[in-house]
Amino acid sequence: MRAGRHFLLRGESLRAIIEGIPAGYDIIGPVREKWAVNLAVLDSADDLSLNSRSEESPGRYRLRDENAGPGEARPMNSAKSFTHRARETLYRARLDEDRQWQYRPAAAPKVKQAFFGLHACDIAGMSVMDRTFNKRFRDAQYDRRRQHTIVIGVDCFEPGENCFCSTFNAGPTLTNGFDLGLSRFGDEYLVEIATDMGARIMNDVDLKPAHRDMLELRKKRAASARAGMVRAFDLKQAVKVLNKNYEHPYWFEVSERCLSCANCINVCPTCYCYQILDKSNLALTETARVRQWDACQNLDFAAVHGGNFRPNRADRIRQWVNHKLNWTIEQYGCAGCVGCGRCITWCPTAIDITEPVRRLGGKEIKLVA
Ligand code: SF4
Ligand code: SF4
């Protein structure tokens with residue numbers, strides 16, 4: 001089997017893809033956990049969430065029971081939970097009998113991970129994280145996890161109410177960054193084999209060549225999904241609007257609703273900030289240096305020697321919105337947002353990252369949906 005071809009797969013053969021993933025990989029896919037779907041390590045293909053679809057609106061997430069494909073219930077977490085761990089020990093140190101510190105690096109992280117059922121926005125999110133941790137600066141832990149990563153993506157034909165990935169050309173359908181791409185059409189899947197690894201996974205799977213009509217249908221459904229994204233906007237105009245309204249009273253108004261809970265950061269596939277903590281025993285003879293996620297919405301995020309340079313929630317919300325939609329473009333050459341909508345869904349007070357763009361832009365902003 002060669003890369004670069006499209007095939008048809010019967011829905012009941014989906015598990016054959018999971019079984020075709022080479023041994024030694026942790027397989028990570030959408031799993032239903034009570035009231036939400038999360039990405040989690042699968043024990044088998046039976047763990048996959050295939051009986052629920054999610055409905056989102058600002059501050060709201062519900063699952064509806066129905067026959068669905070992987071990814072049709074959007075998971076709360078993203079691949080970030082596996083590539084940039086929420087908390088990890090970097091090294092440990094111990095004071096020996098001669099009162100010399102002995103350093104022991106943490107065990108090398110598990111390096112082989114296969115993601116099953118990622119949407120295009122989440123694959124784009126991985127690429128944003130790569131720019132931070134794996135380009136100009138190389139982070140050893142992150143790099144080891146990314147070196148051996150398989151990505152099996154799935155087209156999103158029914159974006160949620162909070163989605164706006166088309167703003168960043170980050171979806172809704174797959175374009176790059178995957179080994180295998182799936183598009184669900186009822187009981188069948190169109191499979192795109194994009195890499196040699198994708199071909200290897202599909203080697204023993206019974207496939208029929210895809211008819212050109214399927215490819216045309218995929219294009220139509222992608223266009224209709226794109227047109228349905230009511231929150232999408234013109235990014236270049238948004239940048240101008242944000243730059244022009246840095247001191248606008250809107251930031252104080254919206255901050256009245258912010259709890260500084262950092263949910264928006266934790267669920268975001270592209271937020272990468274972390275803090276370094278030293279955790280010592282009471283005798284101060286042993287210590288572990290730990291890295292854990294931090295968030296610009298936290299009160300003490302900007303606390304430095306001599307004070308806190310973002311003491312107000314308004315300062316922090318403005319920083320967050322600008323960093324995601326504006327300043328990262330200069331910093332990394334791409335926005336720090338992929339429009340997955342998670343921050344809008346999981347904000348307990350329904351704060352919407354696209355609202356400042358619409359409110360401050362007024363007629364200047366072209367909504368592209
Ligand atoms: S800022 Fe919000 S919409 Fe953008 S990538 Fe992060 S969670 Fe998704
Ligand atoms: S914007 Fe929402 S999710 Fe983010 S810190 Fe404020 S209340 Fe929490």
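So, which side-chain oxygen reaches to the backbone nitrogen of Gln 141 at the start of H4? That oxygen belongs to Asp 139, and the distance is within 3.3 Å. I'd call that a polar contact, meaning a pair of N or O atoms within 3.5 Å; within protein, one must be able to donate a hydrogen and the other to accept it, and residues adjacent in sequence count only if both atoms are side-chain atoms.

Some housekeeping. This is a predicted model, where local features need pLDDT of at least 70, side-chain atom pairs count only at pLDDT 80 or more, and totals for chains, interfaces and linings use all residues. Residues are numbered from 1 along each chain as its sequence is written, chains are lettered from A and ligands numbered from 1 in the order in which they are written, and side-chain values use heavy atoms, with hydrogens and water left out.

Back to H4, then. Helices (H or I, at least four residues) and strands (E, at least two) are DSSP runs, numbered from the N terminus. H4 covers residues 140-147, and Tyr 142 sits in it. Buried, by the way, means under 20% relative accessible area, exposed over 50%, and partly exposed in between (1.4 Å probe, protein chains only). Tyr 142 counts as buried because its relative accessible area is 1%. The buried residues of H4 are Gln 141, Tyr 142, Asp 143, Arg 145 and Arg 146. Their cover includes helices H2 (80-83) and H3 (120-133), plus strands E6 (87-95), E8, E9 and E14 (286-293).

What does Tyr 142 touch? Contact here means heavy atoms within 4.5 Å. Leaving aside neighbours within four places in sequence, Tyr 142 is in contact with Thr 83, His 84, Met 126, Met 129, Asp 130, Phe 133 and Asn 134. With Asp 130, there's a side-chain to side-chain polar contact at 2.5 Å. Arg 85 is 57 residues away along the chain, yet its C-alpha atom is 8.7 Å from that of Tyr 142.

Next up is E9, residues 148-154. Six of its seven residues are buried, so the strand is largely enclosed by the rest of the structure. Strands count as paired if DSSP finds at least two bridges between them. E9 pairs with E8 (residues 112-118) in the parallel sense, over six bridges, and Lys 112 stands opposite His 148. E9 also runs parallel to E10 (residues 180-185), with three bridges joining them; there, Gly 153 has Gly 181 as its bridge partner.

Have a look at the loop between E9 and E10, which holds Pro 172. The peptide bond from Gly 171 to Pro 172 is cis, with omega near 10°. Asn 169 is in that loop too, and its phi is positive, near 55°, in a residue other than glycine. Asn 169 is exposed, because its relative accessible area is 61%.

Ser 260 has a positive phi as well, near 55°. But is Ser 260 buried or exposed? It's buried, at 19% relative accessible area. You'll find Ser 260 in the loop between H8 (250-255) and H9 (263-266).

Ser 260 also belongs to the residues around ligand 2, which include Cys 258, Cys 261, Cys 264 and Cys 347. Near, for these shells, means one heavy atom of the residue lies within 4 Å. Ala, Val, Leu, Ile, Met, Phe, Trp, Tyr, Cys and Pro count as nonpolar, Asp, Glu, Lys and Arg as charged, and the others, Gly among them, as polar. By that scheme, the shell of ligand 2 has eight nonpolar, four polar and no charged residues. Around ligand 1, there are eight nonpolar, two polar and two charged residues, with Cys 268, Lys 324 and Arg 342 among the surrounding residues.
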